[in-house]
Amino acid sequence: MTSSILFAVFSWFHIISAMGWFGSLVFITMVLMPSVSKLSAESRQEIMAGILPRASMVIRGFGGLAIIFGIIFAAYLSMTGTSFSMSSAYGISLATGAIIALIAFGAFGEGMFMPAARRYASAVKEGKQNGADIQSLERKISRSAFLQIILLGIVIAAMVTAGAL
């Protein structure tokens, strides 16, 4: 009984964290960036510089929690006797999803999105809004968020596949 409650708790925390990560990226990519692109450069930069630091914390927080709860969830399954054999479709689906999630978080989140968001906010605050540099950072922010969305879509497909096996 207790183990099934723990299973449900870890599952839900993992899923809710992943939804927050995915949803935050969707908001940035499909709502914020297109909306502010219609504003004057000064207004766009002011809004983005105000939103990006908090959005970065939310994305990092949800992404980190999704990965941490995914690890806890996998460890729990392993302790209860569920096999993660790479010779099974279940194990391959879970491993594929986990690896792609780590790539999305590390390479495109921590490696591209976060540094670009920090540089953008810093440049605007310091009054160094060189048009080409700011536009380049805006493109990098959009691309890295979009790439994370694509990768997380693949992760969702892998996890759903594993759950169906």
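**Helices and how they pack**

Analyst: α1 and α2 pack at an angle of about 155°, and their axes are 8 Å apart. The axes are lines fitted to C-alpha atoms, for helices over the stretch in contact, and angles run from 0 to 180 degrees between N-to-C directions. This is a predicted model, in which local features need pLDDT of at least 70, side-chain atom pairs count only at pLDDT 80 or more, and totals for chains, interfaces and linings use all residues. Residues are numbered from 1 along each chain as its sequence is written, and side-chain values use heavy atoms, with hydrogens and water left out.

User: What makes a stretch a helix, and how many helices and strands does the protein have?

Analyst: Helices (H or I, at least four residues) and strands (E, at least two) are DSSP runs, numbered from the N terminus. By that rule the protein has four helices and zero strands. Along the sequence the pattern is α-α-α-α. The C-alpha trace spans about 55 × 30 × 20 Å along its principal axes.

User: Why are α1 and α2 called roughly antiparallel?

Analyst: Start with the cut-offs: angles under 35 degrees count as roughly parallel, over 145 as roughly antiparallel, 65 to 115 as roughly perpendicular and the rest as oblique. The angle for α1 and α2 is about 155°. That is over 145, so the pair is roughly antiparallel.

User: What is the handedness of the crossing of α1 and α2?

Analyst: α1 passes α2 in a left-handed crossing. A crossing is left-handed if the near helix is turned anticlockwise from the far one by less than a right angle, and right-handed if clockwise.

User: How do you know how α2 and α3 are oriented to each other?

Analyst: The axes of α2 and α3 cross at roughly 155° and come within 9 Å. The angle is beyond the antiparallel cut-off, so α2 and α3 are roughly antiparallel to each other. The crossing of α2 and α3 is left-handed.

User: Why does Arg44 count as buried?

Analyst: Buried means under 20% relative accessible area, exposed over 50%, and partly exposed in between (1.4 Å probe, protein chains only). Arg44 has 11% relative accessibility, so it is buried. Arg44 sits in helix α2 (residues 41-79). Beyond neighbours within four places in sequence, Arg44 touches Val36, Ser37, Leu39, Tyr120 and Glu138.

User: What makes the link between Arg44 and Glu138 a polar contact?

Analyst: A polar contact is a pair of N or O atoms within 3.5 Å; within protein, one must be able to donate a hydrogen and the other to accept it, and residues adjacent in sequence count only if both atoms are side-chain atoms. The side chains of Arg44 and Glu138 are joined at 2.8 Å, so the distance passes.

User: Why does Ser56 count as buried?

Analyst: Ser56 has 10% relative accessibility, so the buried label applies. Ser56 is in helix α2. Leaving aside neighbours within four places in sequence, Ser56 is in contact with Phe113, Met114 and Ala117.

User: How do you know that Pro115 is buried?

Analyst: Pro115 comes to 17% relative accessibility, so it counts as buried. Pro115 lies in helix α3 (residues 89-125). Across the whole protein of 165 residues, 37% count as buried.

**Aromatic pairs**

User: What makes two rings an aromatic pair?

Analyst: Rings of Phe, Tyr and Trp (its six-membered ring) pair if their centres lie within 6.5 Å; planes under 30 degrees apart count as stacked, over 60 as edge-to-face and the rest as tilted. This rule gives three aromatic pairs. One of them is Phe13 with Phe69, 5.1 Å centre to centre with 35° between the planes, and so tilted. Phe13 is in helix α1 (residues 2-36) and Phe69 in helix α2, so the pair ties together parts 56 residues apart in sequence.

User: Why is the pair of Trp21 and Phe105 called edge-to-face?

Analyst: The planes of Trp21 and Phe105 are 85° apart, and the centres are 5.8 Å apart, so the pair is edge-to-face. Trp21 is in helix α1 and Phe105 in helix α3, 84 residues apart. Both Trp21 and Phe105 are buried.

Technical notes
Contact = heavy atoms within 4.5 Å.
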